[in-house]
Amino acid sequence: MLEQQLFNALSLGCVYALFALGFTLVFGVLGVINLSHGAVFMVGAYAALAAVQNLGFPLWAAVIFAFVIAGCVGALIDVLVLRPLRNRNAPHLIPMIATIGVAIVLNSLAQGIAGAENKRFPTDVLPQESLDFLGIHITVIELGIILLSFLLMVALVLMIGRTQIGRALRAIAESPKAALLLGINVEWLFIITSFVAAGLGGVAGTLVGVYSNALFPLMGQPILHKGIAVIILGGMGDIRGAMLAGLFLGFAEVMSVAYIGSNMRDAVAFGVLFLVLILRPQGLLGRIQERKA
Amino acid sequence: MEYFENFWQIYSNLVLTLGINALLALSIYLTLSCGMLSLANAAFMGIGAYTASILTMSHEAPFTLALAGGIATPMFVAFFLGKAVMRLSGVYLAMATLAFGEVVRIVILNAEDLTGGALGLNGIPNSTEWWHVLLALAVVIAMLACMRRSKVGRALEAIKEDETAAGMMGIDTNANKMMAFILGAGIAGLAGGLSAHLTFFIGPNEYGFDRAVEILTMAILGGVNSLIGPVVGSLFLTLLPEVLRGLKDFRLVVNGVLLIVIILFLPRGLWDPARFRRMFSGAKKGDAK
């Protein structure tokens with residue numbers, strides 16, 4: 001029984017981590033708490049659904065489609081909303097409120113276009129197979145979620161750690177001004193960051209949509225709250241921290257549901273967050289930073 | 001007169017909600033005025049609403065006493081919360097207070113004997129009159145206006161500009177911030193008590209993340225450089241959905257777009273005294289700061 005719970009926790013934690021990855025990436029590089037990330041998550045899920053239903057894509061292609069569409073929405077948000085605010089040097093609160101506006105627009109557009117009711121993926125595109133391994137019941141969907149999440153996480157860490165773009169991003173995270181003086185195309189990298197972050201959010205949305213098989217316009221709200229908890233737990237802007245904290249939150253939730261009671265599920269996330277903030281405000285892996293925060 | 005009576009019958013709830021939202025926007029203005037971004041005000045509003053409703057429903061307390069309880073309890077809670085989170089700043093404070101709000105929501109959800117759990121409290125007596133809201137708003141604005149001009153107000157402004165420098169000038173930054181935090185909680189609690197006795201029903205989900213964000217948006221949208229700003233912001237955000245009623249499903253889209261546009265083009269909020277001065281003195285843009 002415990003093994004089964006651990007496995008469930010792993011798949012839930014992977015989704016949290018994937019969602020929080022994009023969230024924390026935007027905070028680390030752009031310094032913005034992007035409250036539209038939950039809406040982008042929803043856009044990804046709906047894009048995948050449209051790809052499957054209207055364009056006849058197989059599931060794997062729909063996931064890529066969701067990445068691209070959500071990524072484009074993210075890049076668009078950056079160009080239309082965040083860049084003008086950056087150029088004006090607005091204090092950090094202002095972009096956050098602007099992203100609330102973006103979330104309202106996206107959520108109500110989805111509601112106006114697709115309707116407020118729950119949508120489902122057609123059953124024939126979802127793999128139904130499952131296997132039993134050491135007494136654990138594993139569905140192919142769960143396995144796919146875990147593998148894909150880890151793949152994307154590793155890819156992102158390698159990109160940040162090993163490539164020229166990653167080096168430039170880290171330089172920007174230290175100081176955008178210095179990076180600009182060193183000849184880094186800061187604006188372009190901001191757009192790329194927004195694209196990748198939103199794309200990861202969109203993939204997470206698709207995975208959750210497939211996993212729970214229910215899409216609705218406000219599906220991003222609950223996970224946005226979890227995402228906030230995760231990036232604080234992991235240390236704001238810290239990629240590895242977000243991954244660890246996402247997994248940790250998944251475990252904490254599943255265990256509390258299994259052993260304490262289902263009504264304490266959200267209390268665990270926010271109780272832990274509250275404690276971490278009081279005991280270790282920089283997060284589990286974070287370091288103290290003197291920034292505009 | 002007949003026209004007014006008709007109008008009042010249809011819109012009295014909206015007008016009173018407006019007043020209550022203005023109180024909420026002012027409550028967050030108070031913490032913002034010393035540079036603290038606290039998102040706990042929705043939770044404080046909830047604590048106030050539940051305290052006041054429980055007092056009137058289970059203990060048959062008179063309305064004034066219930067309201068007093070609705071003000072005092074959040075202030076009491078804010079005292080302890082403030083002790084814990086006061087050393088956090090910026091985004092960290094925002095997130096800690098947000099987490100606190102979520103914890104409050106879950107406590108309300110689980111304390112079923114007292115709060116009715118997820119079903120909320122039903123049948124709260126309808127005792128909020130128009131003049132209660134007006135009086136509350138007038139008192140709060142008068143109090144905040146006096147405070148702005150007093151030593152305390154200047155201290156808060158100094159803390160907002162630069163906390164370290166303010167501390168070096170001999171301002172007790174912690175005590176001042178605590179005071180703003182606790183007073184803000186009291187105002188939010190008052191708004192909660194008034195709104196609970198206006199709407200007949202309260203539930204735990206009314207005081208969560210969305211409400212916290214709404215309160216913050218009202219204050220920032222209106223502008224937090226004067227007392228009128230938050231009131232204008234709450235007016236705008238409360239009336240907008242009513243005005244756009246004809247757009248049906250897409251009215252919230254317009255709502256969101258307007259929010260973004262205002263933030264992009266009016267950086268200091270709708271109500272910006274400096275901009276008005278520029279406009280009326282005929283000076284060119286960029287002359288005054």
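This is a predicted model: local features need pLDDT of at least 70, side-chain atom pairs count only at pLDDT 80 or more; totals for chains, interfaces and linings use all residues.
The size of an interface is often given as the accessible area lost when the parts come together. Between them, chain B and chain A bury about 3,400 Å², and 80% of this area lies on carbon and sulfur atoms. Chain A contributes 43 residues to the contact, and chain B contributes 39 residues.

Within chain A, helix 5 (residues 140–162) packs with helix 8 (residues 186–212) at an angle of about 170 degrees, and the axes of the two helices are 10 Å apart. Because angles over 145 degrees count as roughly antiparallel, helix 5 of chain A is described as roughly antiparallel to helix 8 of chain A. On the side of helix 5 of chain A, the contact is made by Ile141(A), Glu142(A), Ile145(A), Leu148(A), Ser149(A), Leu152(A) and Leu156(A). Helix 8 of chain A supplies Val196(A), Leu200(A), Val203(A), Leu207(A), Val210(A) and Tyr211(A). By class, the residues of this contact between helix 5 and helix 8 of chain A comprise 11 nonpolar, 1 polar and 1 charged.

In chain B, Thr31(B) lies in helix 1 (residues 2–32). The relative accessibility of Thr31(B) is 1%; the residue therefore counts as buried, the cut-off being under 20%. With neighbours within four places in sequence left aside, Thr31(B) is in contact with Met36(B), Ser38(B), Ala180(B) and Phe181(B).

Notes
Residues are numbered from 1 along each chain as its sequence is written. Chains are lettered from A and ligands numbered from 1 in the order in which they are written. Side-chain values use heavy atoms; hydrogens and water are left out. Axes are lines fitted to C-alpha atoms, for helices over the stretch in contact, and angles run from 0 to 180 degrees between N-to-C directions. Helices (H or I, at least four residues) and strands (E, at least two) are DSSP runs, numbered from the N terminus. Angles under 35 degrees count as roughly parallel, over 145 as roughly antiparallel, 65 to 115 as roughly perpendicular and the rest as oblique. Contact means heavy atoms within 4.5 Å. Ala, Val, Leu, Ile, Met, Phe, Trp, Tyr, Cys and Pro count as nonpolar, Asp, Glu, Lys and Arg as charged, and the others, Gly among them, as polar. Buried means under 20% relative accessible area, exposed over 50%, partly exposed in between (1.4 Å probe, protein chains only). Buried area is the accessible area (1.4 Å probe) that two parts lose on being put together, summed over both.
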